[in-house]
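Keep the 3D view open as you read.

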Amino acid sequence: MEHVRNQRERPGFRIPFFACVCFAIVALTGCGADVAPPVAVRPPPQKVGRDGQRQQSDTLVDKRDETESDHTAPDSEDDASGTAGPEPTEPTPDGRLSPVSPPQTFAPVDEDRIAAQGIRKIARGRLTIYTDLPVEEAIEELPELFEQAVPQWCAYFRVDEARLLGGHVRGCLMRDRTRFAAAGLLPADLPPFPNGFTRGNEIWWFDQESDYYRRHLMLHEATHAFMYSTYGTCGPPWYMEGLAELLATHRLAGGKLRLNQFPASREEVPDWGRIKLVRDAVHSGQPMALDEILAYPADAHLKNDAYGWSWAAAAFLDGHPRYRDRFRALPDELKADDFDRHFRATFADDWRELNIEWQVFIHELDYGYDMARNAVKFDPGESAGQGTIAIAADRGWQSSGVRLEQGVNYKIRATGRYRVADRPKVWWCEPNGVTIRYLRGRPLGVLLAMVVPDDVAAEGWPEPVPIGVASTLSANAPGLLYFKVNDYPAELSDNAGSVDVTVSASR
């Protein structure tokens with residue numbers, strides 16, 4: 001991962017974006033044909049603060065270029081120089097952050113030696129790439145896509161784009177590493193990384209099988225760089241990697257790049273594999289609680305699974321309509337003494353509800369997950385053992401407001417007719433569901449119930465129970481009763497109508 005700072009504007013020049021210092025070293029490691037290799041942390045020499053967060057070592061500071069007064073990147077990296085030191089981050093009058101960075105210079109390169117090894121140069125905008133790959137559109141467009149990402153990072157982190165001019169990042173996209181070693185572009189002191197490595201303002205990565213994942217790795221690294229340029233830190237491991245994965249997960253259509261896109265299908269994000277990692281863990285009985293993810297140590301992301309879970313946590317908090325605004329305000333607290341404590345305080349008032357929704361999210365996670373419609377509907381009122389509620393067909397889990405006692409049998413009856421699809425024709429449904437299509441072994445549209453225990457941590461996450469038009473339910477532990485109709489989490493928007501459900505105790 002590449003951490004970057006930017007020089008605060010001074011009289012006579014503008015801020016160079018990605019005129020950066022790398023305070024951490026990252027290797028891209030991993031295995032498995034179905035899951036992409038992660039971007040795993042190789043921790044540099046570091047100090048540990050009182051809050052447990054990593055504090056970057058001053059010994060890793062490199063220098064790199066600062067643009068001249070014409071605000072354009074130099075034609076040759078060797079010509080760039082600067083002497084001014086970093087200054088504190090300050091807000092602009094409208095409250096948007098003004099990044100800072102120390103100046104840096106690239107290590108000199110021998111262009112003739114590089115060309116002799118069959119390595120060509122792509123230099124446009126803020127990104128220069130040396131590669132031994134042939135000319136292909138997917139390679140040539142990387143600098144342009146990098147440029148398109150800049151305003152989107154600015155918008156997400158509330159940074160004034162007008163203050164981010166100039167600067168440069170240099171990368172080596174390799175097929176044959178021996179060529180780059182012979183050209184002087186692959187230093188001998190780098191470890192024998194299998195997929196990619198970043199040090200200072202230079203990135204090395206091997207060609208990927210898919211165009212998508214090649215872009216994803218670039219955007220992941222650059223997100224780290226942008227965060228460090230703005231805040232001087234990327235936060236604790238889960239947040240640092242979760243945000244980088246969140247913003248690097250992208251969509252490219254008609255030449256237009258869009259960051260922070262929840263994948264609609266597996267085919268849209270070849271080699272990425274984060275959803276699969278989470279689903280496999282859940283299905284094998286190893287779901288992770290948010291507390292476990294928040295506690296990731298500095299070396300957690302040497303393992304592939306940590307990327308899946310960090311992305312899931314960030315995607316859940318960033319996409320959920322109840323939590324999004326608070327989550328997106330967290331970067332302002334990155335300089336705080338205890339980010340974790342502030343995070344928990346931010347969500348303290350609805351921490352239990354948030355954790356219930358997290359369990360719903362990871363147990364039903366799928367491509368195209370509709371975060372808004374799958375947001376759990378909580379009922380603040382509670383009745384003991386009986387009640388009637390209308391369950392909307394176009395929503396996820398909904399509280400009945402009925403509390404069940406342990407060991408008591410409850411009769412549940414459901415009536416109504418509702419829509420569970422409108423293409424290629426309208427599919428009408430009743431509480432028993434339609435047997436022409438199944439989801440998780442149950443008919444589409446069948447009414448499901450779930451009792452969420454008062455002590456979920458002790459009892460574990462409950463398995464949904466099919467109810468249909470009538471059933472008897474007994475709770476294994478005291479808890480609140482929830483309902484929904486069985487449908488794919490990405491396909492709720494074409495549903496309509498509701499089912500009326502009555503609950504009564506049978507003593």
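Contact here means heavy atoms within 4.5 Å. Helices (H or I, at least four residues) and strands (E, at least two) are DSSP runs, numbered from the N terminus. You are looking at a predicted model, in which local features need pLDDT of at least 70 and side-chain atom pairs count only at pLDDT 80 or more, while totals for chains, interfaces and linings use all residues. Residues are numbered from 1 along each chain as its sequence is written, and side-chain values use heavy atoms, with hydrogens and water left out.

With that in hand, turn to helices H9 and H12. Trp309, Ala312, Ala313, Phe316 and Leu317 of H9 meet Leu354, Glu357, Trp358, Phe361 and Ile362 of H12. The axes of H9 (residues 305-319) and H12 (residues 351-364) come within 11 Å and cross at roughly 120 degrees; axes are lines fitted to C-alpha atoms, for helices over the stretch in contact, and angles run from 0 to 180 degrees between N-to-C directions. That makes H9 oblique to H12, since angles under 35 degrees count as roughly parallel, over 145 as roughly antiparallel, 65 to 115 as roughly perpendicular and the rest as oblique. The crossing of H9 and H12 is right-handed, a term used if the near helix is turned clockwise from the far one by less than a right angle, with left-handed for anticlockwise.

Where does Trp309 reach beyond its sequence neighbours? Leaving aside residues within four places in sequence, Trp309 is in contact with a list that includes Val278, Pro287, Tyr296, Trp358 and Ile362. Trp309 also belongs to the largest nonpolar core, where Trp238, Trp309, Phe327 and Trp358 touch the most other members of the 88 residues. Such a core is a set of buried Ala, Val, Leu, Ile, Met, Phe, Trp, Tyr and Cys residues joined through side-chain atoms within 4.5 Å; buried means under 20% relative accessible area, exposed over 50%, and partly exposed in between (1.4 Å probe, protein chains only). The largest share of this core, 10 residues, comes from H5. A second, separate core of 28 residues includes Leu447, Val499, Val501 and Val503.

H5 is worth a visit of its own. The axes of H5 (residues 211-231) and H6 (residues 237-248) come within 8 Å and cross at roughly 130 degrees, and the two helices are therefore oblique to each other. H5 passes H6 in a right-handed crossing. Among the residues that make the contact are Tyr212, Leu219 and Met227 of H5 and Tyr239, Leu243 and Leu247 of H6.

Next, look for Trp461, in the loop between helix H13 (456-459) and strand S23 (465-466). Is Trp461 buried or exposed? At 19% relative accessibility, Trp461 counts as buried. Not counting residues up to four places away in sequence, Trp461 touches Ile356, Gln359, Val360, His363, Met450, Val452 and Val456.

Finally, follow the backbone through some loops. A cis peptide bond joins Arg423 and Pro424, with omega about -5 degrees, and Pro424 lies in the loop between strands S18 (418-421) and S19 (427-429). In the loop between strand S13 (256-258) and helix H7 (274-283) you will find Asn260, a residue other than glycine whose phi is positive, near 55 degrees. Asp271 is found in the loop between S13 and H7 and has a positive phi of about 75 degrees although it is not a glycine.
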